[in-house]
Amino acid sequence: MASGPKIATTPLELLSGPAPEPPFLSKYWAPFACGVIGFSSVCLANYVTKRPVWSGLQKHVLLSAGLAGIGKVVDDYRNQYMADRDAVLRHYVELHPEDFPPFERKQYKDILESWIPIR
Amino acid sequence: MSTFVRLGLKRIIQNQALNNNFNQKNVTFIRTITSKTTRMSQEDVSKPSPWPYNEKGYNLFNYFFDKTTSRLDENSKIIVVEGPLAAGKSKCAKQLASELDMLYLPEANLDMMYINNYGFDQRKLDSELPESCISWDVMDFLRNPKHRHTLRFQLQQYVVKLSQYIDALAHVLSTGQGVILDRCVYSDFVFAEAMFSQGFISKLGIKKYYEFRDNTIGELLRPHLIIYLDIPVPKVLENIKKRGISYEQDSKALTPQYLSVMEKHYKQNYLKELSKHSELLVYDWTDAGDVEIVIEDIERIDFNKYDAQDTHLKDWDHKMEEDWASLRHKYADKKEILMNYCNIPCFEVPELVVDAEDANTYHNVIEEAPGNKFLPGYNTHLGDTGTIFKMSSPHRNTLPLRERRTS
């Protein structure tokens, strides 16, 4: 059998339980991308204003760090927002179990119709 | 009731202020330009130190803390020395400047434009440039006046003079020190007219020249005083011989006709128009008169004799502190915007149109020239240091005080 994340059998199960560890790239993606944007925009600004690309190194450091920080804050806010939303849904599901029966598992053979080639 | 109290208080305070002014201080009214020697005998009036307009901006926040009129005094004037070629203008202007303790700006020339901040002369690159883009300064014009570049040369002269006049205004308003100019942007058209009369520039060309002039000249404040050093045309030719600048002596342009057209436009257009606004002193300078006498005459001029309805010195008649502040801001900080008024398309004048390919070569060559690669202060290969942490750019593009080369 193929191993993988456990498949939820009920809606409640889907909304609860420990979340899987996110991959490294998506964990640091937002601060990393914002930092790169900050750095390259300083380089571009230097180039456009006829300065050497590396002049004013403090600008590179400050803007990359600042934008990376902003990226981190925004990403954290988004994660928190989604966690709150899941908690609200979970609470609702807990209060109304009768509306959320366990999933009925289906297989593709039940969904797909048999193919009859007709021209 | 409160109105009574307020008005009453105001009256008491004002009366006291008036009494203070007239009883305790010894008020003397000084109205004229004074020379250094006259000033020495007078009481020293403390003024704020000159505003470094080349490094620091003056915006409307500064206006609350730094009053422009606090630096302006009777010597904060713009004086222009005019006259035909080789009349002894620059010598006279220099002496006047040192006597009156003013700033002398040498006659605007294309050396101010062609030589960059690192002392590299762009004219050295002419061999690499296409014929349509080579440099053309006064030396080339005098040697070969019928060339198609004459019009471009004359327009560039105008632009440099405009730039210099903006600097002069910025200097007067920011530091309170007077400025003495050797010819100015207002008189530049006499050269264009003389060139046109001799067929050096075309009819379209002179039309374009006046388009440049009309588009920009209204932004400036006319000078306070014009000193015209008059010498007759034969004497001009003699002086040119005596001065011995090779390209002037052998010039095909400096004919008696050319010089007399210049003189005609100087006297009948320029002086006539400007004397409606500025004070005018005219001297027969055939035998190079005495500058001391000029100074005495200047000291006698009363610049405050005109009332608000008079056209004289109208450009300098501002009642509100804010008006002075915005003028100072305009000339000290917004020079680039004023210079952009020279950005006039010239596609209908064939002398001014350059092939796209030639223009491309020109831009590439100029970009590669030493000192043009980066902003001034950022060219490490030319000895600039500390660029790794440097952020500043030159605040203002002020023309250098560079004399015309004579060989």
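Guide: Let me start with a definition: a helix axis here is a line fitted to C-alpha atoms over the stretch in contact, and angles run from 0 to 180 degrees between N-to-C directions. Please keep in mind that this is a predicted model. With that, take helix α7 (residues 149-175) and helix α14 (residues 321-333) of chain B: their axes come within 8 Å and cross at roughly 140°.

Visitor: Which residues make the contact between α7(B) and α14(B)?
Guide: On the α7(B) side they are B:Ile166, B:Leu169, B:Ala170, B:Leu173 and B:Ser174, and α14(B) supplies B:Trp324, B:Leu327, B:Arg328, B:Tyr331 and B:Ala332. Sorted by class, this contact has eight nonpolar, one polar and one charged residues.

Visitor: What meets what between α8(B) and α12(B)?
Guide: The residues in α8(B) include B:Phe189, B:Phe191 and B:Met195, and those in α12(B) include B:Tyr258, B:Met262 and B:Tyr266. By class, the contact has 10 nonpolar, three polar and one charged residues.

Visitor: How do you know how many disulfides there are over all chains?
Guide: A search of the whole structure finds zero. A disulfide needs two cysteine sulfur atoms within 2.5 Å. For B:Cys133, the closest cysteine sulfur is 14 Å away, in B:Cys346, so that pair is too far for a bond. For B:Cys342, the closest is also in B:Cys346, at 10 Å, and this is again too far for a bond.

Visitor: Are B:Cys133 and B:Cys342 buried or exposed, and what makes them so?
Guide: Buried means under 20% relative accessible area. B:Cys133 has 9% relative accessibility, so it counts as buried. B:Cys342, at 12%, counts as buried too.

Visitor: What about B:Asn343: buried or exposed?
Guide: The cut-off for exposed is over 50%. B:Asn343 has 63% relative accessibility, so it counts as exposed. This residue sits in the loop between α15 (335-339) and α16 (356-368) of chain B. B:Asn343 is 131 residues from B:Phe212 in sequence, and their C-alpha atoms are 8.6 Å apart in space.

Visitor: Why does B:Asp315 count as buried?
Guide: Its relative accessibility is 15%, under the 20% limit, so B:Asp315 counts as buried. B:Asp315 lies in the loop between α13 (291-300) and α14 of chain B. Leaving aside neighbours within four places in sequence, B:Asp315 is in contact with B:Leu220, B:Leu221, B:Arg222 and B:His277.

Visitor: And how much of chain B counts as buried?
Guide: Of its 407 residues, 48%. Chain B has 16 helices and five strands, and its C-alpha atoms fill a box of roughly 80 × 60 × 40 Å along the principal axes.

Terms used: Residues numbered from 1 in each chain as written. Chains lettered and ligands numbered in written order. Predicted model: local features only at pLDDT ≥ 70, side-chain atom pairs only at ≥ 80, totals over all residues. Heavy atoms only, no water. Buried < 20%, exposed > 50% of the residue type's maximum accessible area, 1.4 Å probe, protein only. Helix = DSSP H or I, 4+ residues; strand = E, 2+ residues; numbered from the N terminus. Contact = heavy atoms within 4.5 Å. Nonpolar A, V, L, I, M, F, W, Y, C, P; charged D, E, K, R; others polar.
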